[in-house]
Amino acid sequence: MDAGELAQRSSTAVRSLNTLRGFRRHTGKVTGLTVVLGAFGLTGLLGGVVELVRDRPDLPGFAGAGVLLLGAAIAVHLLRGRRLYAAYRRDGWIAVQAPTGFLLDAEASPSRLRYGPGAGEPLMLIAAANLQPAEFVKPLTAVRRYLEGLTELERDRLGERIRRAGLSRALPADEFFPGTTGCLLGVGTTDLVVVVPPGRLLPVRQQKRGR
């Protein structure tokens, strides 16, 4: 992890996400394409409704309901994006994140976190608010050393504790790892992530590893 490069990319992302348009573009949330695709899906449904009305003239209300459904769906998409953006500007931040060593095996039944190389989405340590990339090295090193000092059974038990806590949202890292005050845990693959309290994580697009 090149701290200097990440600091520069983080600064660029902060500027890009200062507007609602930039937020939508870089996080992929509630973009114009999402709305268009949603509209196409509902348009197909409406086409079927129109055909039904042609065959059943006694059901004209269905067509009007379909049009209202389409408009409401687009409005909800846009409203959710605005609310998410407002929450980000109020309490959120752009954070550096890096793998802890755990991988989420979602294909297992039930899903499980396992330590070591293999297939799966990495469990990431996410930097606390206002923690610079160069400073993030300290808690990240603490996590990796902590895991290296555990037995295989202890790591399995820790992974199960984290999984049971729920990974649909970010988790406070210091509940599981010492020396990580203010940091979070979450599943992801990008170097940068948008944190929207109380635990929503949005990967920053165009920031893939290796670029």
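The following legends describe close-up views of a predicted model.

**View 1. Helix α6 and its buried side.** Helix α6 comprises 14 residues, 152–165. From its first C-alpha to its last, helix α6 reaches 20 Å, close to the 20 Å expected at 1.5 Å a residue. Arg155, Leu158, Gly159 and Ile162 are the buried residues of α6. They lie on the same side of α6, because the arc that they cover around the axis is only 100°. Exposed residues Arg157 and Arg164 are carried by the face of α6 turned away from its buried side.

**View 2. The surroundings and the end of helix α6.** Several elements contribute to the cover over the buried residues of α6. Among them are the strands β1 (93–105), β2 (112–115), β3 (121–126), β4 (171–172) and β5 (184–187), together with helix α5 (133–148). Gly166 follows α6, and the phi of Gly166 is positive, near 100°.

**View 3. The largest nonpolar core.** This core has 45 residues, of which Ile162, Phe177, Leu185 and Val194 touch the most other members. Strand β1 gives the most to this core, contributing seven residues. In soluble globular proteins, nonpolar side chains tend to be buried together.

**View 4. The contacts of Phe177.** Phe177 counts as buried, at 1% relative accessibility. When neighbours within four places in sequence are left aside, Phe177 is in contact with Phe102, Val143, Tyr146, Leu147, Leu158, Ile162 and Leu185. Two of these partners, Leu158 and Ile162, are also listed among the buried residues of α6.

**View 5. The aromatic pair Phe102 and Tyr115.** The structure holds two aromatic pairs. Phe102 and Tyr115 form an edge-to-face pair, with 5.8 Å centre to centre and 75° between the planes. Phe102 belongs to strand β1 and Tyr115 to strand β2, so that the pair links distant parts of the chain, 13 residues apart. Phe102 is buried, with a relative accessible area of 1%, whereas Tyr115 counts as partly exposed at 32% relative accessibility.

**View 6. The aromatic pair Tyr146 and Phe177.** The ring centres of Tyr146 and Phe177 are 5.8 Å apart and their planes stand at 85°, so the pair is edge-to-face. Because Tyr146 lies in helix α5 and Phe177 in the loop between β4 and β5, the pair ties together parts that are 31 residues apart in sequence. Tyr146 is partly exposed, with a relative accessible area of 32%, whereas Phe177 is buried at 1%.

Notes:
Residues are numbered from 1 along each chain as its sequence is written. This is a predicted model: local features need pLDDT of at least 70, side-chain atom pairs count only at pLDDT 80 or more; totals for chains, interfaces and linings use all residues. Side-chain values use heavy atoms; hydrogens and water are left out. Helices (H or I, at least four residues) and strands (E, at least two) are DSSP runs, numbered from the N terminus. The expected span of a helix is 1.5 Å times one less than its number of residues. Buried means under 20% relative accessible area, exposed over 50%, partly exposed in between (1.4 Å probe, protein chains only). The arc is that of the directions from the helix axis to the C-beta atoms. Contact means heavy atoms within 4.5 Å. A nonpolar core is a set of buried Ala, Val, Leu, Ile, Met, Phe, Trp, Tyr and Cys residues joined through side-chain atoms within 4.5 Å. Rings of Phe, Tyr and Trp (its six-membered ring) pair if their centres lie within 6.5 Å; planes under 30 degrees apart count as stacked, over 60 as edge-to-face and the rest as tilted.
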